[in-house]
Amino acid sequence: MELETQPKSPGTGGGRRSFLWKRFKKQKVLHLFVGLGMIYLLIFAYTPMFGILMAFKDYSISGGIKGIFTSDWVGLRYFDEFVHDYQFGKLVRNTLVLSLLKVIFAFPAPILLAIMLNEVKHMAFKRFVQTISYLPHFISWVVVVGVSYAFLSADVGVVNKALMAMGFTDEPLAFLTSPNYFWGLAVGSAVWKEMGWWTIIFLAAISGISPSLYEAAEIDGAGRLARIRYITLPGMKGTIVVVLVLTIGSILGGGLVGSNFEQAYLLGNSINNPTSEIVQTYAFRVGLSDGRFSYAAAIDLIQSVISVALIFSSNYIAKRVSGSSLF
Amino acid sequence: MLKSQRQKDFVFDSVIYVVLFIIMLTMLYPFYYVLIASFNKGSDSLLGGVYLWPRNFTLENYRVFMDDPKWVKAFLVSVLRTVSGTLLGLLLTSIVAYGLSHRDLLFSKVYFTVIVFAMYFSGGLIPYYVVLRSLGLLNSFAVYIIPSMLSTFFLLIAISFFREIPAELKESAHIDGAGELTIFFRIILPVSTPVLATMALFMGVGQWNSWLDSAYFVQSEELRTLAFRMMEVINKSNSPMDSLAVANSASAGVTSFSLQVTSMVVSIVPIICVYPFLQKYFVHGIMLGSVKG
């Protein structure tokens with residue numbers, strides 16, 4: 001490093017190899033530090049990746065890690081079985097609809113909130129709204145579902161009590177136990193939970209826009225809406241594209257706009273199952289609950305392949321269309 | 001002309017303030033409602049109409065909660081995993097990030113490829129389960145801590161933060177004869193409060209809220225977390241089968257609903273307590289992550 005006491009004369013000594021070795025020795029503590037992380041990733045990230053093999057094999061849990069390599073190949077049998085599963089159509093539809101609805105509603109919400117917050121001139125009010133709006137991000141899905149229960153259930157729910165007291169309905173509405181309401185419930189709670197959080201990033205993007213642009217526009221007679229349309233939104237474009245790419249890439253997992261799995265698992269029940277059962281909850285049930293490891297691994301694999309394909313293609317399209325991209 | 005512009009602005013501002021006020025209420029009221037419901041007599045809450053303050057004030061819900069060894073144990077497990085998981089996670093993440101923050105580190109390209117690849121690809125739940133099982137981590141307290149000690153996301157945030165620390169700080173310590181460990185613990189960590197606080201908040205909240213690992217990897221009743229127990233009681237009353245089941249019929253007026261809201265308050269309060277102190281850090285922290293990640 002910079003602390004070489006004797007100047008090194010180039011061209012002498014053992015050449016490049018021993019030079020590298022010297023540098024490595026000098027950095028050995030650092031390599032030890034990094035090495036810890038590499039070993040960790042090897043165990044907890046890379047070994048499971050080899051486990052993908054079990055989707056193509058007749059794996060039994062008694063085989064342990066070694067069994068991943070030693071069990072018999074069955075080719076695409078489990079993939080075939082999943083595609084012909086009587087629930088396949090329902091699972092794919094529910095997964096896609098839930099993910100799409102979340103992109104449609106949960107992705108624009110923080111952009112709108114950021115734009116509105118940017119128009120607020122009372123700093124104290126702005127900061128207060130902001131602080132409150134990202135609080136739900138830190139609350140677990142379990143609590144969010146508990147809150148939904150307290151508000152929406154047929155017997156104790158505040159909403160039903162209020163609707164009946166005001167005479168809007170005679171019977172309590174079965175928000176939590178009817179297939180008709182599940183998608184609205186899932187998307188609504190995802191927006192509620194994550195809207196404020198993603199606002200942070202969009203507000204940061206807005207704060208990077210030069211104030212002189214707004215001043216110039218004002219002199220030219222642009223009203224507030226015109227300024228939002230021609231200055232604020234174009235100024236956020238790069239960030240919007242990056243967040244959109246991220247959102248689409250993690251669409252199947254629910255990623256940025258709330259975990260699909262946790263929602264479907266916690267808000268799902270035997271009655272709303274026709275709309276609430278998704279690929280992930282199904283994989284969980286047949287995998288860890290029923291012990292069909294290879295079958296569940298195959299279902300998992302299909303899903304992650306689609307996710308990776310989505311993130312690369314949306315990134316490619318974003319780069320082509322707008323010039324901004326994630327990588 | 002000027003006047004109508006001002007009128008337009010007034011309408012525009014009013015709409016924005018009203019909308020923001022409504023958003024704020026919808027974010028705040030659920031928390032408030034859960035709080036008052038936890039102080040209201042359970043059987044009375046079922047009648048409805050409790051909107052603004054407890055109608056039938058009682059501490060019975062909290063008494064039942066604290067008298068139940070199941071809840072107390074779950075609370076303790078959650079506290080223990082949050083504290084130890086956060087500390088160990090911070091330690092490993094910052095050590096590895098410190099090494100990687102040196103731009104002249106040999107093989108750093110290889111190291112970063114390993115990290116970024118692990119960020120985008122994963123084996124999925126089932127192979128992960130098999131690995132944890134082979135390591136003997138299933139059904140132990142360690143399964144809460146060890147597998148979550150290093151996340152690639154935090155690693156990248158910490159690296160970009162460490163890179164902003166002036167190199168002179170390290171150089172002068174080197175000249176004074178300090179080794180990497182001394183530099184790391186005595187110089188780097190103390191000046192890294194913002195990023196450490198950000199990571200501590202995220203790791204801590206993640207640990208505190210986690211119930212999935214308790215559901216997946218643990219069977220022992222002793223090791224259940226608060227979030228898991230809450231999930232159990234919410235899921236049970238949410239299922240159409242027994243929506244009115246009384247949790248503990250021996251105690252006056254306590255229902256499964258009032259026990260739920262009480263456990264929710266117990267799980268939210270610690271987060272609300274640390275949140276204001278760490279808030280100023282994490283806004284900066286998430287920005288670092290979003291720009292470089």
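Q: Where does B:N139 lie?
A: B:N139 lies in chain B, in the loop between α6 (125-134) and α7 (142-145). Helices (H or I, at least four residues) and strands (E, at least two) are DSSP runs, numbered from the N terminus.

Q: Before we go on, what kind of model is this, and how does the numbering work?
A: This is a predicted model, in which local features need pLDDT of at least 70, side-chain atom pairs count only at pLDDT 80 or more, and totals for chains, interfaces and linings use all residues. Residues are numbered from 1 along each chain as its sequence is written, chains are lettered from A and ligands numbered from 1 in the order in which they are written, and side-chain values use heavy atoms, with hydrogens and water left out.

Q: Back to B:N139: what is its phi?
A: B:N139 has a positive phi of about 60°, although it is not a glycine. In general, most residues other than glycine have a negative phi.

Q: And why does B:N139 count as partly exposed?
A: B:N139 counts as partly exposed because its relative accessibility is 35%. The classes are buried (under 20% relative accessible area), exposed (over 50%) and partly exposed in between, with a 1.4 Å probe and protein chains only.

Q: What about B:F107?
A: B:F107 is not a glycine, yet it has a positive phi of about 60°. B:F107 lies in the loop between α4 (69-100) and α5 (108-120) of chain B, and it is partly exposed, with a relative accessible area of 45%.

Q: OK, another loop: where is B:R55, and what does it touch?
A: The loop between α2 (42-45) and α3 (60-67) of chain B holds B:R55. Contact means heavy atoms within 4.5 Å. Not counting residues up to four places away in sequence, B:R55 touches B:N40, B:D44, B:L47, B:G48, B:G49 and B:V50. Its relative accessible area is 43%, so B:R55 is partly exposed.

Q: How far apart are B:R55 and B:N40?
A: They are 15 residues apart in sequence and 6.4 Å apart in space, C-alpha to C-alpha.

Q: Is B:Q207 buried or exposed?
A: B:Q207 is buried, with a relative accessible area of 6%. Its place is in helix α11 (residues 193-209) of chain B. Leaving aside neighbours within four places in sequence, B:Q207 is in contact with B:R81, B:T82, B:G85, B:Y144, B:I145 and B:S148.

Q: Now chain A. How many helices and strands?
A: Chain A has 16 helices and 0 strands. Buried residues make up 52% of its 327 residues. The C-alpha trace of chain A spans about 90 × 70 × 35 Å along its principal axes.

Q: Which residues of helix α9 in chain A are buried?
A: The buried residues of α9 (residues 158-165) are A:V158, A:N160 and A:K161. After α9(A) comes A:G167, whose phi is positive, near 80°.

Q: And A:R224, which residues does it touch?
A: Not counting residues up to four places away in sequence, A:R224 touches A:E119 and A:K121, together with B:D9, B:F12 and B:D13. A:R224 lies in helix α12 (residues 224-249) of chain A, and its 7% relative accessibility is why it counts as buried.

Q: Switching to packing: how are two packed helices described?
A: Two packed helices are described by the angle between their axes and the distance between the axes. Axes are lines fitted to C-alpha atoms, for helices over the stretch in contact, and angles run from 0 to 180 degrees between N-to-C directions.

Q: At what angle do α15 and α16 of chain A cross?
A: The axes of α15 (residues 279-289) and α16 (residues 293-322) cross at roughly 160° and come within 7 Å. These helices are therefore roughly antiparallel to each other. Angles under 35 degrees count as roughly parallel, over 145 as roughly antiparallel, 65 to 115 as roughly perpendicular and the rest as oblique.

Q: What about α16(A) and α6(B)?
A: Their axes come within 8 Å and cross at roughly 130°, so α16(A) and α6(B) are oblique to each other. In this contact, A:F293, A:A296, A:A297 and A:D300 of α16(A) meet B:L125, B:I126, B:Y129 and B:V130 of α6(B).
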